[in-house]
Amino acid sequence: MSILANLAHALAERSVRVVDLTHTLSPNFPAIVLQTELGQAAPFRTEEISRYDERGSGWYWNNFTCSEHTGTHFDAPVHWISGRYLPNNATDSIPVEDMMGPACVIDCSKESVLDADFLLTKDFLLRWESEHGQIPERSWVLMRTDWSKKVSDPVAYQNFDEEGQHTPGPSVDAMQFLVFERKVLGFGTETIGTDAGQAFHLRPPHPAHDLLHGAGRYGLQCLNNLDQLPPTGAFIFCAPLKIEQGSGSPLRVLGLVESR
Amino acid sequence: MTAPLQRPKRKNPVVKTRHPTLPPWTRSRVALGMTAAAAEGRFELQRCEQCATVQYPPREACCRCLSEELPWVEIDGLGDLISQTTLLHSHDLYFRERVPWRLGMVRLDAGPTVVVHLHGDVTAPPARVRVACKLDKAGMAVLVGFPQEDVPNMADDRQLREFTCDPKFRRVFVTDGKTATGQAVVRALAAAGAELIWVGHAEPWKRVPGLVDLQALPQVTLLPLDVTDPRSIKEVASQVGPKVDILVNTAEYHRAYGISTRAGTDIARMEMDVNYLGLLRLAQEFGPVMKARGADGQSSAVAWVNLLSIFALSNFPAHGTYSASKAAALSLAQCLRAEMKPAGVRVINVFPGPIDDEWNQLLPPPKLSPQAVANAIVAALRDGLEDVYPGDVAQEWRTRLKESAKGFERELAAGSGT
Ligand SMILES: [Zn+2]
């Protein structure tokens with residue numbers, strides 16, 4: 001059988017499972033927060049056009065509005081100033097081959113419970129590799145923190161205090177390692193942002209955004225169900241909407257997992 | 001002496017809620033001049049420019065010399081009660097449900113003799129009284145005779161409460177408790193004796209000072225509410241809508257930009273989304289249920305308060321897009337007033353000058369304290385007003401706009417106004 005016929009067969013008999021790595025887009029989903037005087041990303045909103053009523057008796061539909069960076073979403077290189085002049089840097093020009101790939105899942109859930117400001121370091125990644133093997137080129141590295149389990153409590157999910165947001169993320173040396181040495185396709189997190197909540201204070205600030213997008217790589221954030229993926233062996237699909245000159249987009253992220 | 005108002009019993013669930021009815025409300029066009037003054041809490045009559053006769057009812061010409069120069073002047077309302085009667089029967093649907101109803105004839109010191117609704121504490125004639133001009137359930141000017149000196153529990157008079165929206169023992173919904181003004185409004189309502197106060201708050205992850213402290217007030221319940229989210233409004237309306245006697249919309253979005261001082265329309269869109277569409281969404285969800293409760297016993301739905309801005313009346317270019325959103329909200333509030341009228345629910349528009357908050361940081365004093373705005377709202381409810389202009393800046397704007405709206409527009413364009 002061909003590869004795709006094999007895949008279809010495996011899906012049918014459930015030896016390959018599909019895991020939804022996406023949160024539901026809802027008005028309650030916490031939106032990214034920037035300093036009050038800066039431009040703000042619109043939250044997800046939906047308004048009925050009709051619902052089998054006098055506005056349209058036989059059908060139900062809505063208008064929705066949101067920013068490109070709402071809910072579970074994709075960051076294109078053009079999102080960051082470091083990626084602004086790269087070719088094929090927006091949602092409509094990114095090669096479609098980059099919108100899927102093998103996933104390496106780095107479990108930082110215990111560390112993130114103990115420290116909301118936990119930073120994933122190069123040393124941590126090297127220890128992970130000693131157990132699971134080297135991170136392959138063109139793979140998606142997903143930082144599992146189980147932060148997604150807080151999503152029903154938006155206050156805990158955002159986790160703000162007077163000094164800003166406290167959520168885990170990657171360190172500068174981890175991003176340098178992943179981008180320049182391991183040459184990953186992209187990096188994904190369960191929190192709002194590929195960077196840590198306090199990443200503005202790192203040097204350089206926002207290393208995930210700055211280094212990934214500067215190298216023409218991609219980000220995924222607000223991912224869900226990463227605890228259902230194995231450390232290696234999963235394959236993910238993450239195609240953003242084809243928005244002209246889009247800096248990102250909400251999307252459905254799916255993971256394929258082989259049953260062992 | 002008026003018996004103090006008692007906390008109302010809970011609603012008997014097997015008794016049908018009465019339909020709201022209105023007192024007779026046809027008035028001549030010229031008589032609406034009294035309504036215009038009463039909407040702001042003043043008693044005005046026409047005084048002839050030629051012969052100084054003060055006349056009532058208002059007419060097109062002087063009743064003594066036929067002059068048509070009849071400017072409106074404020075009347076102190078003092079006078080003598082010369083007769084009284086108590087209505088025990090009426091064919092009018094509104095008064096039929098409210099008899100016995102006390103009426104009196106007052107000879108005003110200013111000249112004319114007028115028929116008034118008589119407060120229960122006015123003693124039998126002859127007696128000195130103070131006549132005030134109030135709006136009735138139909139939104140029309142009527143005259144009310146009060147005792148010359150205040151007496152205890154005066155506001156609790158059964159007849160007077162038909163003309164006022166006193167928060168005492170009423171259940172109030174304040175749409176945004178995260179702003180300093182919203183919090184001041186909640187505290188002022190609690191101090192005024194509101195029975196229950198529901199307080200909306202959006203984006204719970206953004207902590208603001210003061211919101212948690214409100215929960216220490218026994219009347220207060222916090223409810224998640226974002227006026228930009230139709231589903232969130234629907235949810236809150238389904239929880240508390242049928243109990244709201246007074247709604248105070250304090251939700252607003254304010255940034256200090258004109259057209260050229262901010263690229264794009266994202267801020268203007270947010271201002272419209274909160275200040276204009278937010279009001280529209282609230283009115284669509286809470287309006288119908290409040291209209292249905294316009295005659296629901298002692299604690300009927302009585303008032304809807306909009307926190308607008310004096311910038312709604314003429315554009316303040318430094319806050320140009322905010323001004324435009326408030327002008328839109330004012331226009332919609334007039335629509336709401338028209339739609340709420342059949343139920344006798346008063347729509348009160350509050351037009352403060354700049355409030356002393358972070359978005360008016362660069363405006364020079366005088367600026368209104370949030371407390372002053374809150375006090376103005378409670379006073380407007382107690383007095384049954386319709387349009388309120390709290391603070392010196394708002395009063396100044398009001399005067400200037402009356403003198404010359406075009407001239408004032410020019411001055412605002414040149415950078416004055418506050
Ligand atoms: Zn005259």
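**The zinc site and helix 9 of chain B**

Me: What makes the arrangement of the four donor atoms around the zinc ion tetrahedral?
Reply: In this predicted model, the four donor atoms subtend angles of 102 to 119° at the zinc ion, and four donors count as tetrahedral if all angles lie between 85 and 135 degrees, so the arrangement is tetrahedral. Local features here need pLDDT of at least 70, side-chain atom pairs count only at pLDDT 80 or more, and totals for chains, interfaces and linings use all residues. Side-chain values use heavy atoms, without hydrogens and water, while residues are numbered from 1 along each chain as its sequence is written.

Me: Which atoms coordinate the zinc ion?
Reply: Donors are N, O and S atoms within 2.8 Å of the metal (3.2 Å for Na, K and Ca), and the SG atoms of Cys48(B), Cys51(B), Cys62(B) and Cys65(B) lie at 2.2 to 2.3 Å.

Me: Why is Cys65(B) called partly exposed?
Reply: Buried means under 20% relative accessible area, exposed over 50%, and partly exposed in between (1.4 Å probe, protein chains only); Cys65(B) has 34%, so Cys65(B) is partly exposed, and Cys51(B), with 23%, is also partly exposed.

Me: Which residues of helix 9 of chain B are buried, and why are they placed on the same side?
Reply: The buried residues of helix 9 of chain B are Val393(B), Ala394(B), Trp397(B) and Leu401(B). They cover an arc of only 95° around the axis, taken from the directions from the helix axis to the C-beta atoms, which puts them on the same side of the helix. On the other side, Asp392(B), Lys402(B) and Glu403(B) are exposed.

Terms used. Chains lettered and ligands numbered in written order. Helix = DSSP H or I, 4+ residues; strand = E, 2+ residues; numbered from the N terminus. Tetrahedral: all angles 85-135°; square planar, octahedral: opposite > 155°, others 65-115°.
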